[in-house]
Amino acid sequence: MKNPAVILSVFIALAGCGQEGAHIGHTDVHLNLTLAGGVATSEDHGNQKGSFAPAPSGIVKISVEVTASDMETIVQSAPVSPGVPTLLALSIPNGSDRTFTVKAMNAFGDVVYEDSKTVSLNGGSLSLPIELEANVESFLTSTLEIVGDNQITAGNTRAYRLEGSLGGSTYDLTSVATWSSSATTTATINNSDRKGLVTGESSGTSTITATIEGTNANATTTTVTVNPLSAGAGVLSVAAGGFHTCAAFENGSVKCWGLNASGQLGNGTSTTTPVSTPVAVNNITNAVEVAAGGFHSCARLSDSTVTCWGWNQFGQLGNGKLGDGTSSTTPITTPVVVSGVANAVQITAGFNHTCALLLGGSIQCWGFNASGQLGDGSSNATSTPVAVNTITNAVQITALFDHTCALLSGGSIQCWGFNASGQLGNGTSTTTPVSTPVSVSGIANAVEVAAGGFHTCALLNGGSVTCWGQNKLIQLGSGKLNDGPLLTPGDAIDTLTATSLAAGGTHTCALLSDKTVKCWGANLFGQIGTGAFSIASLPDLAVRDLSDVAGLSAGDGHTCALLENETIRCWGLNNFGQLGDGTTNISPLPVSLSGL
């Protein structure tokens with residue numbers, strides 16, 4: 001994905017010389033046409049002026065037109081390629097007021113740049129530079145597309161991206177577009193500091209429009225449906241943790257089930273006895289999202305604050321204390337407010353740390369940090385949120401064990417934390433903490449990222465999937481047992497048309513466009529849902545008895561699906577009742593929750 005951050009310039013140099021004999025009364029003009037400049041990629045953004053990527057293939061032809069009142073118009077054109085000189089020769093009658101007009105055209109024949117110079121020709125020498133400048137978005141309007149899920153629940157946000165395609169290249173035009181919503185009582189959209197961020201206000205539909213201004217102005221639209229935040233029992237969000245699961249409901253409540261030895265179910269108790277049916281979390285009435293860590297849980301509330309409960313030895317609850325403030329090993333069995341987070345739009349939980357994506361694109365994290373998973377440049381644990389270094393344009397975050405990743409607005413990905421298996425994707429592996437974000441190699445068109453135990457996967461624009469990191473149990477979908485680890489993203493799994501991803505401890509799942517699910521990797525506990533317990537080396541088999549899926553979440557050894565009818569089904573490891581079906585029996589097939 002390219003970012004129109006740098007002015008694209010076309011420099012045309014004309015050098016003329018009079019030649020006697022062959023063209024009496026004319027000036028032979030030799031034109032050296034060079035297409036220079038370019039468009040900064042997202043990696044180039046912030047470089048000093050003068051650092052350019054290759055010019056885009058949008059400009060394919062340059063024409064030169066010479067006009068005057070006492071002569072016939074002369075026109076010549078030639079195809080151009082970035083950095084390759086193109087030579088033209090014109091014989092122009094001598095005289096005054098000879099106007100040279102240079103036009104640059106794209107593959108559709110649109111004139112995207114134009115400039116003119118008027119000179120007098122008398123057979124002598126001539127040096128005539130012509131410079132054409134314009135913002136690159138002025139010619140990227142032939143094909144526009146708004147990318148993003150068109151379903152939002154009231155109180156939630158969704159990031160949209162505007163893509164412009166031309167000449168085989170795709171450009172991220174989100175920040176240069178003008179965004180609007182046709183029904184602001186239904187959905188509002190940010191058109192300033194965080195362009196393309198839609199907030200669902202109330203149930204209904206709204207048309208979201210992205211417009212590119214300029215001489216080639218164009219616009220495109222998408223229709224967003226906002227689903228109601230009603231007083232019903234429907235599920236808004238589900239999160240599978242280490243050995244427990246939590247869900248947020250439309251009435252604002254949260255329920256959890258599974259292991260509760262650290263108070264991670266939030267009902268005011270702690271017990272080593274499995275809790276195999278959902279119990280209500282105390283004192284929450286306005287939750288819109290949940291996150292489940294190794295032994296703690298969190299909820300994002302409708303006022304954009306965050307509350308957490310459970311194990312707090314490393315400050316992963318974010319309330320400024322370790323444990324209960326007296327003993328670091330005393331669990332917190334009811335929710336406490338995370339300090340200083342007031343504008344969260346998404347949350348995620350690792351094994352012993354937590355992160356929040358904030359409005360505007362920055363990230364804050366707190367808790368365990370021995371591997372640098374908080375991204376603040378240190379390996380020090382903290383019980384209050386700290387800012388992740390260098391990231392200001394994130395649109396999605398993810399964590400599971402001890403590394404964290406963020407999808408950025410241009411389609412690239414950055415990760416930080418534990419990297420012994422190459423799960424950060426930057427071409428290295430190390431046991432040294434990676435405490436500041438590093439870029440995942442070769443990815444510029446991602447639409448989602450999912451962090452697993454020791455691997456990571458990305459959903460790419462178009463529905464294919466690529467993964468990297470540990471692959472001992474084929475969780476990368478490569479088809480080869482013990483293949484890897486891969487230190488950079490592997491070959492895209494293009495047999496899928498995925499719309500969302502979930503990565504577990506050693507398995508991976510994809511929600512497909514037909515609303516079914518396919519999983520691959522470890523299957524000792526039936527966590528890939530095929531009805532068997534054999535490893536799946538490729539995403540060939542769909543999860544059985546499962547359809548109309550709207551969302552996924554994967555834990556250490558179990559997986560849960562949120563269905564379109566706002567119910568939940570889970571499968572896999574169930575030793576602590578984390579499937580919620582009233583038993584502690586492992587299930588290789590999806591089961592329904594009990595007691596709802």
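How many disulfides does the count come to? The count comes to seven disulfides, where a disulfide is a pair of cysteine sulfur atoms within 2.5 Å. This is a predicted model, in which local features need pLDDT of at least 70 and side-chain atom pairs count only at pLDDT 80 or more, while totals for chains, interfaces and linings use all residues. Residues are numbered from 1 along each chain as its sequence is written, and side-chain values use heavy atoms, with hydrogens and water left out.

**Disulfides**

A disulfide is a covalent bond between the sulfur atoms of two cysteines. Strands here are DSSP runs of E with at least two residues, and helices are runs of H or I with at least four, numbered from the N terminus. Buried means under 20% relative accessible area, exposed means over 50%, and partly exposed lies in between, using a 1.4 Å probe and protein chains only.

- C246 and C256 form a disulfide with sulfur atoms 2.1 Å apart. C246 lies in strand β20 (residues 244-249) and C256 in strand β21 (residues 254-260), so the pair ties together parts that are ten residues apart in sequence. The torsion about the S-S bond of C246 and C256 is about 110°, so this disulfide is right-handed. C246 and C256 are both buried.
- C509 and C519 form a disulfide, and their sulfur atoms are 2.0 Å apart. This pair links distant parts of the chain, with C509 in strand β39 (residues 507-512) and C519 in strand β40 (residues 517-521), ten residues apart. The disulfide of C509 and C519 is right-handed because the torsion about its S-S bond is about 105°. C509 is buried, as is C519.
- C560 is joined to C570 by a disulfide, with an S to S distance of 2.1 Å. The pair links distant parts of the chain: C560 is in strand β42 (residues 558-563) and C570 is in strand β43 (residues 568-572), ten residues apart. With a torsion of about 110° about the S-S bond, the disulfide of C560 and C570 is right-handed. Both C560 and C570 are buried.

**Aromatic rings**

A pair of aromatic rings is described by the distance of the centres and the angle of the planes. Rings of Phe, Tyr and Trp (its six-membered ring) pair if their centres lie within 6.5 Å; planes under 30 degrees apart count as stacked, over 60 as edge-to-face and the rest as tilted.

- A search of the whole structure finds seven aromatic pairs. One of them is the tilted pair of F243 and F295, at 6.4 Å centre to centre with 35° between the planes. F243 is in the loop between β19 (235-240) and β20, and F295 is in the loop between β23 (287-292) and β24 (296-301), 52 residues apart.
- F243 is buried, because its relative accessible area is 19%. F295 has a relative accessible area of 23%, so it is partly exposed.
- F401 and F454 form an edge-to-face pair, 5.5 Å centre to centre and with 85° between the planes. F401 lies in the loop between β31 (394-399) and β32 (403-408) and F454 in the loop between β35 (446-451) and β36 (455-460), so the pair ties together parts that are 53 residues apart in sequence.
- F401 is buried at a relative accessible area of 13%, whereas F454 is partly exposed at 26%.
- One aromatic cluster is formed by F243, F295, F351, F401, F418, F454 and F576.

**Charge over a ring**

- The charged end of K255 sits over the ring of F249, 5.8 Å from its centre. A charge sits over a ring if NZ of Lys or CZ of Arg is within 6 Å of the ring centre and within 35 degrees of the ring normal.
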